[in-house]
Amino acid sequence: MAGKLIIGIGLFAIIALAVFFPQAGWRLQRWFSWDNGEDIAGVERALVENQTLKAELARLAPLSEILPAKHSSTTRIAEVFSRYPFSVRNAMIIGVGENDSIRSGEPVFLATKTDSSPQVMIGVVTDVRNDTATVQTLFDPKFKTAVRVGSSGADALLIGGPEPTLSLISKAAQVQSGDIVVSASPEFPLGVPLATVGILRPAEDQAFKNATLMFSYDIADIRVVQVDLVAP
Amino acid sequence: MKIYAAFVITILAALVQLLIGRALPAVPDIALAALLALGSGVGFLVELGLVAVSVLILNWQSGPSADLLLFIALPLIGWLAAHRMPFQPWLAGFVVVALGCAAFPFILAPDVVLNDPIRYLRLWGVGLFVGLLAASALDAADEARTK
């Protein structure tokens, strides 16, 4: 009986260690991941993404006339430590926190190697600890934000989830497949690319259009992100 | 043999859940399903050990969270329920897996589940299948030992 009690206490101690010091598990997760980030395929993929994003930037140029200028900000580069493992959320833990001046609500982007590369927003910081922060991605079912679509700047609502969608696109709006989707919410920098329009279809009420979205990245492959520090 | 098999099944389930999370947009809670299913066939201390291993593999942030506490509590509650149900062990295990896999997402984010019930019904079905598979594998390991 005493032996079982000791084993039970020991197991509870292991659970407590795993909860409060999950670094061992993170190493295991990283080792088990089939994508090593800096391999040749990863570099090639990054080059393709870079080209795609530059093309998107060119298409975005007409929007600069109707959108206010992006406010100035500084950035922090952060490594992705781990990802939410269960079914109801899509979030990640990144290696910057309060000690790096990160605050809740700040936008998170794909890390780009040069300043001239276009930024693509992938989520928002929702919870900050000393050395880590939680990022809610666009693929989280609770993520919602106002966006503008295409060179006409048609208003729409981006709804997150395993397959994010656009809704509330006016039936009369000149939107087509391949149009760029940019942020239009005051919470985030305006005019930042999020995705491109996939397949358009009429909404159930026939008053609006809905659309699927296409992304130039795979959220599961992201190893490094960039956080914009919004000036207080 | 049975205990080793239970640990191997648990580790496999947790690792497969991680892999699915990197490959597909929707992740079924198969580690939870395996823990719930194995509970009816092992002792409480072994179940506690299985939960510890799963938490070590799956925990994604430092410090406790509602998600993780529920992930720890459900298999232990399931173990108590399965060992008190007046059913055959396989039926008790089935009921525990069905209820546990449905309760986990619904308690964590009921609005998300209700907003996309078909997707969560499918994920629940996958969890149920994995639970049955885990229980069958444990039984097979036990039979191999007795032979």
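Predicted model: local features only at pLDDT ≥ 70, side-chain atom pairs only at ≥ 80, totals over all residues.
**View 1**

**View 2. Helix α2 of chain B and what covers it.** Helix α2 of chain B runs over residues 30-39, and because 10 of its 10 residues are buried, the helix is largely enclosed by the rest of the structure. Its buried residues include Ile30(B), Leu32(B), Leu35(B), Leu36(B) and Leu38(B), along with Ala31(B), Ala33(B), Ala34(B) and Ala37(B), and also Gly39(B). Among the elements that cover these buried residues are α1 (2-23), α3 (44-58), α4 (66-82), α5 (89-108) and α7 (117-146), which belong to chain B.

View 3. The size of an interface is often given as the accessible area lost when the parts come together. Here the area buried between chain B and chain A is about 3700 Å², and carbon and sulfur atoms give 69% of it. On the side of chain B, the residues that lose the most area to chain A are Arg22(B), Leu45(B) and Trp60(B), which together make up 24% of what that side buries. The contact takes 39 residues from chain B and 38 residues from chain A, and the count of salt bridges between the two chains is 2.

View 4. Side chains of opposite charge can pair when their charged atoms come close. In one pair that spans the contact, the side chains of Asp111(B) and Lys142(A) meet in a salt bridge, at 3.9 Å from N to O. Asp111(B) lies in helix α6 (residues 110-115) of chain B, whereas Lys142(A) lies in the loop between β5 (133-137) and β6 (144-149) of chain A, so the pair joins two chains. Asp111(B) counts as partly exposed at 44% relative accessibility, and Lys142(A) is also partly exposed, with a relative accessible area of 46%. In another pair, the side chains of Arg119(B) and Glu163(A) meet in a salt bridge, at 3.6 Å from N to O. Glu163(A), Asp116(B) and Arg119(B) are joined into one network by salt bridges that share partners.

**View 5. Salt bridges within a chain.** Over all chains, the structure holds 7 salt bridges. One of the pairs within chain B is formed by Asp142(B) and Lys2(B), whose closest N and O atoms are 3.8 Å apart. This pair links distant parts of the chain, since Asp142(B) is in helix α7 of chain B and Lys2(B) is in helix α1 of chain B, 140 residues apart. Lys2(B) counts as partly exposed, at 22% relative accessibility. Within chain A, the side chains of Arg103(A) and Glu106(A) meet in a salt bridge, at 3.8 Å from N to O. Arg103(A) is partly exposed, with a relative accessible area of 39%, whereas Glu106(A) is buried, with a relative accessible area of 3%.

**View 6. Two residues of chain A with positive phi.** Ser101(A) has a phi near 70°, a positive value in a residue other than glycine. Ser101(A) is found in the loop between β2 (91-94) and β3 (107-110) of chain A, and at 42% relative accessibility it counts as partly exposed. Leu168(A), which is not a glycine either, has a positive phi of about 60°. Leu168(A) has its place in strand β8 (residues 165-170) of chain A and counts as partly exposed, at 45% relative accessibility.

**View 7. A nonpolar patch on the surface of chain A.** The residues Leu17(A), Phe20(A) and Phe21(A) form a nonpolar patch on the surface, and together they have about 340 Å² of accessible area. Of these residues, Phe21(A) lies in the loop between α1 (2-20) and α2 (23-32) of chain A. Phe21(A) has a relative accessible area of 55% and is therefore exposed, a term that applies to values over 50%.

Technical notes:
Residues numbered from 1 in each chain as written. Chains lettered and ligands numbered in written order. Heavy atoms only, no water. Buried < 20%, exposed > 50% of the residue type's maximum accessible area, 1.4 Å probe, protein only. Helix = DSSP H or I, 4+ residues; strand = E, 2+ residues; numbered from the N terminus. Contact = heavy atoms within 4.5 Å. Patch = residues over 30% accessible without salt bridge, like charges linked within 9 Å, V, L, I, M, F, W, Y side chains within 5 Å. Areas by Shrake-Rupley, 256 points an atom, 1.4 Å probe, with all protein chains shown as cover. Salt bridge = Lys/Arg side-chain N within 4 Å of Asp/Glu carboxyl O. Buried area = accessible area lost by both parts, 1.4 Å probe.
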